[in-house]
Each structure stands twice: as C-alpha cells, then as structure tokens.
Amino acid sequence: MKPTDFFERHPVFRFDDFAAAHTADGRRSRQTTASVLRQHVAGGRLLHLRRGLYASVPRGVDPDRHSVDPYLLATQLATDGIVAYHAALQFHGKTYSLWNRFHYLTRGRQRRFKFRDQEFVPVQVPATLRDHSDLGGGITEHRHAGGVARVTTLERCLVDVLDSPERSGGWEEVWRSLEMIEFFDLDAVLSYTRALGSALTASRVGFFLEQHRTMLMIEDHHLQAFRDLAPAQARYLDSSREPGRFVRDWNLVVPERVLTRSWDEDG
C-alpha cells in the first residue's frame, strides 16, 4: 500500500489506523511508519494536528490554508468519538446559529482541543450509558467530505440538547434549532430517553413535544409515555432555578420566555 493512497482515502486519520495498514504485510515496523509520516508532514502532504492525529492535504494545496473538516476531526479525536449536541444538529443542518465549537462524545476523558479558529470539546458519555454496547443508540455513520463521520441522530439530538442545554447555546438556541426539524421517530426518542434515565430530561422532552404537538403530529399515547417518566416532585426547567410558571402535567417550573417563546416576538 502506498502511503499517498491511504491519505487520499482518509482525510483525517489516527496513527494507529495508518500503522495497521502500513505494517499489514509484516515488513515494516512502527518506527518506519512514524518516519514515513514525519517525511510527509515535512513535505506538506500531511498536517500533524496533535499526537497520533493527522489530516491529509490535497495535492497542490498550501498546508497553512487547508481547511480540515470539523466533523471528521471530531470523530477522530477519540477512537470512539461521536459528534453530538449542537455540533450534531449543525451537521444535520438544523441549527439556528452556526458555531465554531464542536462537542463530541467519548467513553474516556480528554482535554479540549483547538485547531485554528475551531474548538473541540469532549463530553464523557453519561455513566448510565457507558456499559451499553451502542452507548444508548441513536448513533450513525455518514460518508462525509471524503471520510466517515460518526454523528448522533436527530432523535438523540432532541434528548441530548434538552438534557444539556448549556452545550447547545441555551433555551432560545435549543428551541429555535429543534423547531427546524419536521419529524422525529418518537419510539426512538422514547427508547433513548429511558436509557439515559433522567426524569428531569424526560419531562423536558415531553414538554417540548407537547408544545409542538400539532407541528410534529404527536399523539396522546406518546405524551403519556413521557409523563410516566417525569419526576414525582416539581423541578425547574433550568438548572439556574429561573422563576416561571408551574406546568402541572410535567412537574416543571418553566420560565415565561420559554412558555411564550418570547424571542419570536423579538425577531
């Protein structure tokens, strides 16, 4: 295998993946593999992003001007990296605002990483999901920008951004983004919500679905399934305990701006 053939098929890749291909015939050592990569970095054919991680530079392109796809990069920052939260919604074209911050899920612990004007934020998979072979489901692979990106589905996005709105820009950004989605597989939403195991999140999801039940064609039996998962005691929608109106069906204290979607009036 020619290294350049591998580079052309893998816009962003990890050292171990290249080494597995490069040493497959048993005639090359990992030291030789590392030397080959250093030579191609020096020659401008590769960018060394951080330890063990590289990006291919197309022929004739200035390495300093080459734009590395952020979704491929987020996927490769960990061996199990998954584009999630606002970044996943952005991948699917369903965000109100465009960000240069990309959250990704991983079982392990990692540090934030910056590349040029982009920031990559690792999020450890919630403890309730780490032992699931599929991490709770709702993860798909997409052919993208010449490589493969692992991204959460819109159904998982719905739950995740309501579970952690601070990773998705707050309630207005979350609401405006989710309102761009025309359809959810509600059985998949319910399955993942149960796996996540948060009563507060189940209540937030149910409240959002009820507020948009006409647009999303939500039936009563689905809403009831989320009510059954809601907390027994009243909870604040927002972790800052922002005052609001009590919504009995969901045992939620919801800020007036979210109840009325007052940002629509501002727009």
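Me: Is E119 buried or exposed in this predicted model?
Reply: The relative accessibility of E119 is 15%. Buried means under 20%. E119 therefore counts as buried.

Me: Which residue forms a salt bridge with E119?
Reply: Side chains of opposite charge can pair when their charged atoms come close. For E119, the closest N and O atoms of the pair are 2.8 Å apart. The salt bridge of E119 is with R112.

Me: How far apart are the closest N and O atoms of R245 and E256?
Reply: R245 lies in strand β11 (residues 245-247) and E256 in helix α12 (residues 256-260), so that the pair links distant parts of the chain, 11 residues apart. R245 is partly exposed, with a relative accessible area of 44%, and E256 is partly exposed at 38%. The two form a salt bridge, and their closest N and O atoms are apart by 2.3 Å.

Me: Is R65 buried or exposed?
Reply: R65 forms a salt bridge with D62, with 3.9 Å between the closest N and O atoms. D62 counts as partly exposed, at 36% relative accessibility. The value for R65 is 70%, and the cut-off for exposed is over 50%. R65 therefore counts as exposed.

Me: Which backbone oxygen does the side chain of S177 reach?
Reply: S177 is found in helix α7 (residues 171-178). At 1% relative accessibility, S177 counts as buried. Not counting residues up to four places away in sequence, S177 touches L89, K94, T95 and Y96. At 2.7 Å, the side chain of S177 reaches the backbone oxygen of E173.

Me: At what angle do the axes of helix α2 and helix α3 cross?
Reply: Two packed helices are described by the angle between their axes and the distance between the axes. The axes of α2 (residues 15-22) and α3 (residues 30-42) come within 10 Å. α2 passes α3 in a right-handed crossing. The angle is roughly 115°.

Me: How many residues of the contact of α2 with α3 are nonpolar?
Reply: From α2, the contact has F15, D16, F18, A19 and H22. These meet R30, T32, T33, A34, V36 and L37 in α3. Of the residues in this contact, three are polar and two charged, and the number of nonpolar ones is six.

Technical notes. Residues are numbered from 1 along each chain as its sequence is written. This is a predicted model: local features need pLDDT of at least 70, side-chain atom pairs count only at pLDDT 80 or more; totals for chains, interfaces and linings use all residues. Side-chain values use heavy atoms; hydrogens and water are left out. Helices (H or I, at least four residues) and strands (E, at least two) are DSSP runs, numbered from the N terminus. Buried means under 20% relative accessible area, exposed over 50%, partly exposed in between (1.4 Å probe, protein chains only). A polar contact is a pair of N or O atoms within 3.5 Å; within protein, one must be able to donate a hydrogen and the other to accept it, and residues adjacent in sequence count only if both atoms are side-chain atoms. Contact means heavy atoms within 4.5 Å. Axes are lines fitted to C-alpha atoms, for helices over the stretch in contact, and angles run from 0 to 180 degrees between N-to-C directions. A crossing is left-handed if the near helix is turned anticlockwise from the far one by less than a right angle, and right-handed if clockwise. Ala, Val, Leu, Ile, Met, Phe, Trp, Tyr, Cys and Pro count as nonpolar, Asp, Glu, Lys and Arg as charged, and the others, Gly among them, as polar. A salt bridge is a side-chain nitrogen of Lys or Arg within 4 Å of a carboxyl oxygen of Asp or Glu.
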